[in-house]
Amino acid sequence: MGTKAKKATVKKSLKKVNAIKPSEAADFLPLEGGPGRKLPNIKPLENASPVLYIGRIPHGFYEKEMEAYFAQFGTIKRLRIARNKKTGKSKHFGFIEFESPEVAKIVADTMHNYLLFEHLLQVFVVPLEHVHPRLWKGFNYRYKPVDSLQIERERHDKERTLAEHRKLIDRVMKRDQKRRKRIEAAGIEYECPEIVGNLQSAPKKIKFED
């Protein structure tokens with residue numbers, strides 16, 4: 001092909017490009033030639049939030065297990081399971097934050113109503129305006145349950161003063177009087193045994209001098 005033919009093809013292509021209306025203008029022209037192309041219209045996400053709510057979490061599926069399972073979808077930034085402050089037991093719901101909102105949307109679509117250990121998981125994307133600012137406070141803290149038995153043991157075995165011991169006896173006597181009245185009101189003939197005790201508190205610890 002001669003130079004004249006090349007110039008003619010270039011002029012034709014320029015005429016075609018100039019003939020395109022502004023509304024139909026292409027976003028780019030391919031290097032190999034040909035008509036211009038337009039970029040595909042990418043619809044923005046309806047809810048571009050990387051935070052997920054997960055409900056109906058089964059027993060035994062805790063932080064380590066959840067992190068290992070959901071890591072197959074993408075990188076997890078934060079994870080938190082709601083727990084009881086006294087016992088430390090799971091409340092069977094929690095939250096996961098991924099690095100990408102697209103990954104969170106895929107997880108919500110995939111894992112919602114997924115049967116896991118006889119529980120149907122409830123997975124929803126939490127809108128950004130509904131994410132509480134204190135949601136992730138202490139998310140990496142592993143709560144240790146309170147030993148209520150040890151607290152009650154210390155309370156029961158503590159040394160009491162004479163005034164505290166008398167107050168304790170008064171409470172016991174009041175409960176006994178209420179119990180006697182309930183028995184009499186029910187028409188039951190029962191002779192309640194007398195409470196035997198000492199007003200002076202018995203020492204629980206003996207301290208010897210050196």
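Which side chain has a polar atom that lies 3.4 Å from the backbone nitrogen of Val-51? The side chain is that of Ser-49.

## Basis

This is a predicted model, in which local features need pLDDT of at least 70 and side-chain atom pairs count only at pLDDT 80 or more, while totals for chains, interfaces and linings use all residues. Residues are numbered from 1 along each chain as its sequence is written, and side-chain values use heavy atoms, without hydrogens and water.

## Ser-49

Ser-49 sits in the loop between α1 (3–19) and β1 (51–55); helices (H or I, at least four residues) and strands (E, at least two) are DSSP runs, numbered from the N terminus. With a relative accessible area of 1%, Ser-49 is buried (under 20% relative accessible area, 1.4 Å probe, protein chains only).

The Ser-49 side chain also reaches the backbone oxygen of Val-126 at 2.5 Å. Apart from neighbours within four places in sequence, Ser-49 is in contact with Pro-101, Ala-104, Val-125, Val-126, Pro-127 and Leu-128 (contact: heavy atoms within 4.5 Å).

## Sheet

Four strands make an open antiparallel sheet in the order β2-β3-β1-β6 (two strands pair if DSSP finds at least two bridges between them). The edge strands, β2 (76–83) and β6 (122–125), each pair on one side only.

Strands β1 and β6 are joined by four bridges in the antiparallel sense, and Leu-52 stands opposite Val-125 in β6.

## Helices on the sheet

Helix α2 (residues 63–70) lies across β1, β2 and β3 (90–98), at about 145 degrees to β2. Helix α3 (residues 101–111) lies across β1, β3 and β6, at about 150 degrees to β6. Axes are lines fitted to C-alpha atoms, for helices over the stretch in contact, and angles run from 0 to 180 degrees between N-to-C directions.

How values were computed:
Buried means under 20% relative accessible area, exposed over 50%, partly exposed in between (1.4 Å probe, protein chains only). A polar contact is a pair of N or O atoms within 3.5 Å; within protein, one must be able to donate a hydrogen and the other to accept it, and residues adjacent in sequence count only if both atoms are side-chain atoms.
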